[in-house]
Structure formats: C-alpha cells, structure tokens
Amino acid sequence: MMQRRHLLRGTGSLGLLALAGCASDTGAMLTSTAGGRVPAKTRVLVVGGGYGGATAAKYVRLFSGQQIDVTLIEPNEAFVSCPISNLVLGGSKTLADITTPYTSLSRNHGVRVIKDMVASIDPVKKVAVLASGPSIAYDKLILSPGVDLMWDSIAGSRAANGEGRILQAWQAGPETLALRRQLEAMPDGGVYAITIPEAPYRCPPGPYERACQVASYFKAAKPKSKVLILDANQDVTSKGPLFKKVWAEQYKGIVEYRSQHKATAVDAKTGTVKFEIQDDVKADVLNVLPTMRAGAIAVQTGLANANARWCNVNYLSFESTVAKDIHVLGDSIQVAPGMPKSGHMANSHAKVAAAAIVAELSGWEINPAPMLTNTCYSFTDAKNVIHVASVHEYVAAEKTFKTVAGSGGVSAAPTELEGNYAWNWARTIWADALA
Ligand SMILES: Cc1cc2nc3c(=O)[nH]c(=O)nc-3n(C[C@H](O)[C@H](O)[C@H](O)COP(=O)(O)OP(=O)(O)OC[C@H]3O[C@@H](n4cnc5c(N)ncnc54)[C@H](O)[C@@H]3O)c2cc1C
C-alpha cells in the first residue's frame with residue numbers, strides 16, 4: 001500500500017514532468033509498477049476535446065497501461081487553441097498556427113475519437129446520447145465542455161451575434177477570423193470596444209491581452225484608432241500593473257481603460273452598448289463578452305450546483321458532488337481560491353482526475369495530496385510577453401486547493417525572451433494533450 005500511495009502521490013508533479021516532455025515515461029512508471037488490475041472492458045467516456053478533455057483522454061490511457069477503453073466525443077474536426085488566438089486578431093498568426101488534429105490521440109494512444117456532440121447524459125443509467133442518435137454506456141464519464149455564454153446577461157447580444165454584427169470570439173475558431181475581418185474593415189480613426197464580465201470568466205488576462213493585440217495592430221496600420229476596455233470589475237483582474245504600464249507607455253493615446261462598466265444591453269444597428277450605471281458607449285467594432293457559466297451540457301445535466309453557474313467537484317478526484325462517476329474538469333468547475341479558469345489549469349485538473357479515475361477503477365488508493373500548476377502568458381504585442389504563475393496544493397482539512405505561499409509570481413516587464421517561453425509553453429502543452 002505504501003508503494004502505491006507513494007506512486008500516486010507523485011502524480012501531482014506529473015503535470016510539470018509531462019509538460020517538460022516526460023509524459024510517456026511517467027505514465028509507464030505508474031502502470032508498470034502498480035498497474036494491471038483494471039477490470040476488463042472498463043469504459044471511460046470523455047465529453048469535450050479541449051484542454052481538459054483531450055489531456056484526460058490521453059492520460060487515462062497512459063496511466064492504465066492502455067487497459068481502459070477511452071472514447072472522446074468532440075464536434076470539431078481539430079483542436080483550435082484559445083491561448084495564442086489573440087495573436088490571430090492582432091494579425092501576426094493564423095488559425096493554422098493554433099490548430100492541432102486529433103489523429104495522434106487515436107494513433108499513438110488508442111483513444112476512440114468520435115466527431116459528434118453529446119446531446120444528453122443519464123447519470124443514473126450511466127449512458128450518454130449523441131446528437132446523431134446512438135447511446136454510449138460508460139463506467140466513468142469525464143466532462144470538460146468549457147464555458148457557455150449567458151446571452152441574457154446582455155440584452156440583444158444573442159441576436160447581434162446571430163447576425164454576425166457583434167461577436168465574442170471567446171472560443172477560438174471561425175469567430176476569431178470574423179472579428180479580425182471586422183477590425184480590418186474598420187476605417188482609421190474608428191473605435192474598437194471590448195466589454196468584460198464580472199469574474200469569474202474564462203481566462204482572466206485574456207481580454208487585456210486582446211486589447212494589447214488590437215492596439216498593436218492599430219498602432220501599425222490605423223494609428224488614429226482607439227481601443228476601449230469596458231470592464232465590469234473594480235480593476236484589471238490579472239497582471240494589472242503590467243498591463244496598465246503597457247497601455248500607458250506602448251499604447252499611449254490608443255488604449256483607454258474604464259473600470260466598473262457592467263454591460264447590460266447592445267444595439268447592433270447603432271453600435272451602442274448600455275451599462276448598468278455608466279453612460280452608453282458607441283464603437284465601430286463591439287466585442288461584447290457576456291457573463292459565463294459551465295458548458296451547456298453540464299448545466300443541462302444538473303451538475304451546475306454552484307449558484308446555477310459552475311459545477312462543484314470533490315477536488316481529490318474532480319468527481320461531481322451531485323453525480324457519481326461523472327468527473328468535471330476545466331472552466332466548468334467551481335474554482336478553488338486563486339484558481340484561474342485557464343487551459344493550463346484544465347490540463348492540470350485532467351491529470352489529477354485521470355490518476356484518480358485509474359486508481360479508483362483499479363482498487364488503489366487515490367492520491368491524498370494532489371498538486372496543480374498554472375502559468376498564463378500574455379502577448380503585449382507580436383513578440384513581447386508577460387506571465388503569471390502559481391502552484392496549488394490540496395489542503396485536506398479544508399477539502400480545497402490553495403495557492404502555495406511564495407510559489408509563482410509575475411514578470412517584471414514584457415520581454416522577447418518570455419515570448420520564446422510562451423511559444424514553447426504552447427507547443428509543449430499542445431503535444432502534452434494531443435500528441
Ligand atoms: C482569447 C483567450 C485566450 C486565452 N489564453 C490562455 C492562455 O494564454 N493560457 C491559458 O492557460 N488559458 C488561456 N485561455 C483559457 C483556455 O482557453 C480555457 O481555460 C481552456 O480552453 C479550458 O479548457 P476546457 O477543457 O474547460 O474547455 P475547452 O478547451 O473550451 O474545451 C471544451 C470542448 O468541449 C467541446 N464540447 C462542448 N460541449 C460539448 C458536447 N455537448 N459534446 C461534445 N463536446 C462538447 C467543445 O467543442 C470544446 O472543444 C484563453 C482563452 C481565451 C478565450
């Protein structure tokens with residue numbers, strides 16, 4: 001027992017090892033020493049092939065020595081990364097640069113990838129029904145469906161999106177390109193405005209990075225234009241002093257930041273956004289981000305039991321607190337203190353959950369002290385980058401994760417060196433999840 005406990009306790013740091021390129025070594029270590037007792041034909045169904053789901057699918061295969069049957073359901077043909085997608089808006093990268101196929105997950109790891117949507121889940125019968133009709137039974141279900149936009153939080157936003165007039169592009173893909181085209185079509189001297197919902201939302205620094213990318217494009221191509229950041233929060237929610245310095249120095253006269261601007265409605269015809277308290281704002285390109293909640297399938301299955309928005313989980317295994325054998329990862333969960341909704345964090349959740357699931361199905365003890373890591377890089381132009389990093393440990397007495405005192409930190413200033421780190425982070429995490 002001690003040996004097993006020791007092996008699984010190591011899983012918290014697997015995130016770091018795997019991101020450093022040792023994924024198969026660590027998986028082999030776990031399985032060759034302690035594996036081989038998963039009941040035959042055990043089925044894990046993964047819903048959503050993003051940062052959480054793709055990583056979990058691969059690591060359940062690795063940690064079980066390929067003994068657990070893993071099926072991944074994802075509607076998109078390929079994985080398109082939200083991290084780095086702001087550079088597509090800035091014009092220095094293309095969608096192809098942030099796209100990875102799912103083929104290696106099947107070829108290298110034996111994950112069965114089905115291009116479909118899960119339309120419903122029956123947690124009692126332990127069956128998921130696909131949008132195309134068939135049902136799939138599971139022993140364990142891993143749910144990582146990302147976020148759902150709460151359109152009703154901003155009146156008129158759903159219709160404006162449907163007409164293609166006011167976009168969000170908070171899921172990288174065709175909308176990212178459509179928003180880029182709006183920026184290209186905007187005359188010099190125009191205004192781009194982004195509204196930010198109250199935290200928590202997907203990727204705390206993401207909107208501020210986006211503002212930098214649009215400003216970088218304007219500075220080079222449309223120098224009379226402006227970027228307005230209309231933030232529902234009291235202040236910049238991530239890397240505040242760093243972003244503010246960049247706006248004041250590098251984008252002086254282009255970027256303007258306004259806090260406590262909670263958007264309530266849009267009028268696409270006049271390009272107007274209304275706020276709870278502040279005056280209306282007009283812009284040529286409006287990029288309005290509604291309040292967010294757990295992915296629709298999680299809400300619909302009744303798993304969003306934290307304020308009807310996010311899914312409470314047992315942080316040792318990421319099992320839902322309302323549905324046995326359903327493990328929720330990534331942006332959909334109710335976060336622990338200091339835990340951001342990020343791709344890196346979803347990847348970390350996935351490894352802890354995969355290890356716990358394999359342990360549980362094999363009759364081993366679940367790691368009682370998992371750890372998580374996070375790093376979020378933000379590009380302030382095409383090359384220079386700032387980061388925030390943290391390490392999170394499970395605190396058994398409080399049944400939650402807490403940031404390890406003194407861990408991580410933030411950059412001193414944007415540098416090209418960190419730009420290299422950011423690209424290496426992206427390539428490594430894409431390979432960690434998908435190769
Ligand atoms: C502009 C931007 C920049 C960002 N930058 C960073 C960054 O630099 N670093 C960082 O760490 N994070 C960053 N993030 C955040 C990161 O993208 C998310 O935190 C991460 O994607 C969360 O992973 P996830 O698995 O929860 O969701 P996702 O990665 O969104 O995956 C969810 C998947 O589930 C699928 N799905 C949904 N419903 C169903 C269903 N019913 N059936 C089947 N499949 C379904 C979707 O198609 C999707 O592929 C950024 C986000 C944005 C928007």
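1. Start at the ligand. One of its oxygen atoms is 3.1 Å from a polar backbone atom of Y51. A polar side-chain atom of R202 lies 2.6 Å from a ligand oxygen. At Y377, a polar backbone atom is 3.4 Å from an oxygen atom of the ligand. A polar contact here is a pair of N or O atoms within 3.5 Å; within protein, one must be able to donate a hydrogen and the other to accept it, and residues adjacent in sequence count only if both atoms are side-chain atoms.

2. The basis of these values. This is a predicted model, in which local features need pLDDT of at least 70, side-chain atom pairs count only at pLDDT 80 or more, and totals for chains, interfaces and linings use all residues. Residues are numbered from 1 along each chain as its sequence is written, and side-chain values use heavy atoms, with hydrogens and water left out.

3. The shell around the ligand. It has 36 residues, and the closest are G52, E74, S144, R202 and D331. A residue counts as near if one of its heavy atoms lies within 4 Å of the molecule or strand concerned. By class, 16 are nonpolar, 14 polar and 6 charged. Ala, Val, Leu, Ile, Met, Phe, Trp, Tyr, Cys and Pro count as nonpolar, Asp, Glu, Lys and Arg as charged, and the others, Gly among them, as polar.

4. Which elements supply the shell? Helix 11 gives the largest share, 3 residues. Helices (H or I, at least four residues) and strands (E, at least two) are DSSP runs, numbered from the N terminus.

5. Four strands form an open sheet in the order 13-12-11-17, with parallel pairing. Strands pair if DSSP finds at least two bridges between them. Strand 13 (255-258) and strand 17 (285-288) stand at the edges with a single partner each, so one side of each has no neighbour in the sheet. The twist averages 15° from one strand to the next. Axes are lines fitted to C-alpha atoms, for helices over the stretch in contact, and angles run from 0 to 180 degrees between N-to-C directions.

6. Inside that sheet. Strand 11 (residues 191-196) pairs with strand 17 in the parallel sense over 4 bridges. I194 stands opposite N287 in strand 17. Helix 8 (residues 206-221) packs on the sheet and touches strand 11, strand 12 (226-231), strand 13 and strand 17. Contact means heavy atoms within 4.5 Å. The direction of helix 8 makes about 170° with that of strand 12.

7. Strand 14 (residues 263-267) and strand 15 (residues 272-275) run antiparallel and are joined by 4 bridges. A263 has F275 as its bridge partner, and D267 has T272. Their hairpin has 4 residues between the strands, and G271 takes a positive phi near 65° there.

8. Two backbone details to check. The peptide bond from A199 to P200 is cis, with omega near 5°. P200 sits in the loop between strand 11 and helix 8. K239 is a residue other than glycine with a positive phi, near 50°. K239 is in the loop between strand 12 and helix 9 (240-249).
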